[in-house]
Amino acid sequence: MTNSNGTSDGRLRWGILGTGFIAGLQAKDLLENGFTVQAAGSRTPESSRAFADAHGIATAHGSYEDLAADPDVDVIYIATPHPFHHANALLALNAGKHVLVEKAFTINAREAQEVVDLAAEKGLVALEAMWTRFLPHMARIRDIIGTGTIGEVRKVLASHNQDLPKDPAHRLNDPALGGGALLDLGIYPISFAFDILGAPQRILASAAKTATGVDRQTSAIFEYAGGAQAIVDCELDAASANRALVIGTDGWIDIESTWYNPVPFTVFDNAGNVVERFEQPVTGRGMQYQAAELERLVQSGAVAGTILPPTESVSIMAAMDEIRRQTGVTYDADTQHWRDPRP
């Protein structure tokens, strides 16, 4: 069985769909923690073979369709840019494969719901690869909040700001490829707010756009019953410390930079005294924990867990839809199924 420490017994066989940077990080964490990575698939045989050779993966498929049809693959990790996720996930699910889908889960809630519905119909796991949710420090934070150590949670503050490529042709700045800060960076603090406080009752959002029409920075306030708030922000052309706070009536949790990585945190009481200091080293980047959760679900016969159920991934996409509605950021997929603009 899969263990809570992020290792695997290797029985489930993984395929990697997409061979970019994030795929390499996931493959490395899988291979170093006992997971079986059976195959890779790309749009071309050359890129697939290069990726497979670089990571010691046995099989290289020259198309996504061939990877999905591989009878020696049980689970497919989808590592393409998020505009591709919907089509890639449906392809894999229709081939009978469980899927671990990179975040943002899709472009919008409609696409997310279609993926989740198909997975349920097929009795398969569709898990969003929000790797931060499954890290040890986040598990401990949920325990601390659940036992009332910091009292009633009143506020969540989280940022994700990076200085990223400014080339207008880069996918991050291209509306045809779902560019912008929100879906690439904002997904982290938004998912964190959902993790701690759940879905908001009301959202107030503001954004500034690039010359290409995507959001270069976005901020939002989530309002909850009882007055709790989450204040989240993201930016793709200016960096920050990227810390996070959870503030309660009896204390607060300070998560160090960069909070969505496996970093230490400190719990304080209202007088500023240290209640707990948490620091747990993690092997590699820590992406093995989300894969371990998927394997746990498959081996237990479940299609949804409690850490990040598929219904919540849909709800998160709906919140980002509302933020984009308020800030005037639109994509072709909002009115029709997205089509790859590349030749």
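**View A. An open sheet of 6 strands, in the order 3-2-1-4-5-6.** Welcome to the sheet of this predicted model, where the pairing is parallel. Strand 3 (59–61) and strand 6 (126–129) are the edge strands, each pairing on one side only. On average, neighbouring strands of the sheet are turned by 25° against each other, direction ignored.

**View B. Strand 1 pairs with strand 2.** Here we zoom in on residues 13–17 of strand 1 and residues 36–41 of strand 2, which pair in the parallel sense over 5 bridges. As a reminder, strands of a sheet pair through backbone hydrogen bonds, either parallel or antiparallel.

**View C. Helix 2 lies across strand 1, strand 2 and strand 3.** This helix spans residues 45–55. Relative to strand 3, helix 2 runs at about 160°.

**View D. Helix 4 packs with helix 5.** Two packed helices are described by the angle between their axes and the distance between the axes. For helix 4 (residues 85–94) and helix 5 (residues 109–122), the angle is about 5° and the axes are 10 Å apart. Because angles under 35 degrees count as roughly parallel, helix 4 is roughly parallel to helix 5.

**View E. A closer look at the residues where helix 4 meets helix 5.** Helix 4 brings His86, Ala89, Leu90, Leu93 and Asn94 to this contact. From helix 5 come Glu111, Glu114, Val115, Leu118, Ala119 and Lys122. Sorted by class, the contact of helix 4 with helix 5 has 6 nonpolar, 2 polar and 3 charged residues.

Technical notes
Residues numbered from 1 in each chain as written. Predicted model: local features only at pLDDT ≥ 70, side-chain atom pairs only at ≥ 80, totals over all residues. Heavy atoms only, no water. Axes fitted to C-alpha atoms, helices over the stretch in contact; angles between N-to-C directions. Helix = DSSP H or I, 4+ residues; strand = E, 2+ residues; numbered from the N terminus. Parallel < 35°, antiparallel > 145°, perpendicular 65-115°, else oblique. Contact = heavy atoms within 4.5 Å. Nonpolar A, V, L, I, M, F, W, Y, C, P; charged D, E, K, R; others polar. Pairing = 2+ DSSP bridges.
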